[in-house]
Amino acid sequence: GVGVGVREDAAGKMNAGQRKELRNKLQASYHQLVYQPSHHAAALALFHRYPCLGHAVRLVKRWAACHLFSPHLSESFLETLTAALWAPLMHQIDAPTTPLAALLRFWNLLATWDWENMPLIIEWNEADLTKADLQEILINFDHWQTARRQSFVHSRKRQRRQRHGGGSGAPFDTHAHVHGHGSRGVAHTDDPHGSTRAFGIQPECVAFIASKLDHAGCLWAHGTSMSPEVFRRLQIFARGSYDQVMQCLGAPIAHNTPTQTQTQT
């Protein structure tokens, strides 16, 4: 009780810059010491279960590097998005059996998924996610959408003030804004790794990709420079690559948006 009170009092005396610096250090430590080892262990288990997955990931990384996207993307993002094709929650068709089929489905998923309105939830192992996990992830997704809208409105107001010579105003601190509402903020009732507590809601993340390892849906983007413009360009290249290969194969081009079982409940 006394120790917690002292820490809260010390945190209350920090200015916005100090709080942001402290939060960045916490997030970097959490990402390096907790998330990355857990992600690599889960990915390795899936690679052993599906030998084709490893070749597919190498193809995806090669494609991203050829189009000069590598500086903007993390390996965990590409691995997670490719692994989603084998996840049990992705029920639209059977899992791909060749690296080329996986690459085509990766492009289709990236180009057609409704990233603004649907969370992409990865289940690394069968029955990996509990009902409580899914409920918490969906709650955090709702707060992520709200925070993105609030951040957009705030940035527009700041731009108008700048055009009229009113100064830039204070930056919008989404972490403090969301967490300042107690139980109405983010949900972290059953987060085994504490990712929601460490990272909060990150409206600057262009996509919400969650799993058992990441209830906050933002750890994949840590340490990357994935801006909305880069993400849209990545989607354009994915759609173009998919269309071109399908045309060369003489197959009909159909952009079928994948679905997940938990998004229908």
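Guide: Start with a definition: a residue is called exposed when its relative accessible area is over 50%, buried when that area is under 20%, and partly exposed in between. Keep in mind that this is a predicted model.

Visitor: What makes C248 exposed or buried?

Guide: The relative accessible area of C248 is 68%. The cut-off for exposed is over 50%, so C248 is exposed.

Visitor: And what is C205 called, buried or exposed?

Guide: C205 has a relative accessibility of 6%. Buried means under 20%, so C205 counts as buried.

Visitor: How many disulfides does a search of the whole structure find?

Guide: The search finds zero.

Visitor: What makes K25 and E21 a salt bridge?

Guide: Their side chains meet with N to O at 3.6 Å. The definition asks for a Lys or Arg side-chain nitrogen within 4 Å of a carboxyl oxygen of Asp or Glu, so the pair of K25 and E21 qualifies as a salt bridge. Both residues lie in helix α2, four residues apart, which is about one turn of the helix. E21 has a relative accessible area of 46% and is therefore partly exposed.

Visitor: Which salt bridge does E79 form with K61, and where do the two residues lie?

Guide: The side chains of E79 and K61 meet at 3.1 Å, N to O. This pair links distant parts of the chain: E79 is in helix α4 (residues 75-83) and K61 in helix α3, 18 residues apart.

Visitor: How do you know whether E79 and K61 are buried or partly exposed?

Guide: E79 is at 9% relative accessibility, so it counts as buried. K61 is at 24% and counts as partly exposed, because buried requires a value under 20%.

Visitor: What does the salt bridge between E116 and R148 tie together?

Guide: The closest N and O atoms of E116 and R148 are 3.0 Å apart. E116 lies in the loop between α5 (99-112) and β1 (120-122), and R148 lies in helix α6 (residues 131-163), so the pair ties together parts that are 32 residues apart in sequence. E116 counts as partly exposed at 40% relative accessibility, whereas R148 is buried at 18%. There is also a network, in which salt bridges that share partners join K61, E75 and E79. The whole structure has six salt bridges.

Visitor: How many aromatic pairs are found, and why is the pair of W113 and W115 called tilted?

Guide: The search finds 11 aromatic pairs. The rings of W113 and W115 are 6.3 Å apart, centre to centre, with 55° between the planes. W113 is buried at 3% relative accessibility, and W115 is buried at 4%.

Visitor: Why is the pair of F141 and W144 called stacked?

Guide: The planes of F141 and W144 are 25° apart, with 5.6 Å from centre to centre. Stacked means under 30 degrees, so the name applies to this pair. Being three residues apart in helix α6, F141 and W144 are separated by about one helical turn. F141 is buried at 4%, and W144 is buried at 2%. Elsewhere, ring pairs link W63, F69, F106, W107 and F237 into a cluster.

Visitor: What makes α4 largely enclosed?

Guide: Eight of the nine residues of α4 are buried, so the rest of the structure largely encloses this helix. Its buried residues include F77, L78 and E79. Among the elements that cover them are α2, α3, α5 and α9 (228-248).

Methods:
Residues numbered from 1 in each chain as written. Predicted model: local features only at pLDDT ≥ 70, side-chain atom pairs only at ≥ 80, totals over all residues. Heavy atoms only, no water. Disulfide = S-S within 2.5 Å. Buried < 20%, exposed > 50% of the residue type's maximum accessible area, 1.4 Å probe, protein only. Phe/Tyr/Trp six-rings, centres within 6.5 Å; stacked < 30°, edge-to-face > 60°. Contact = heavy atoms within 4.5 Å.
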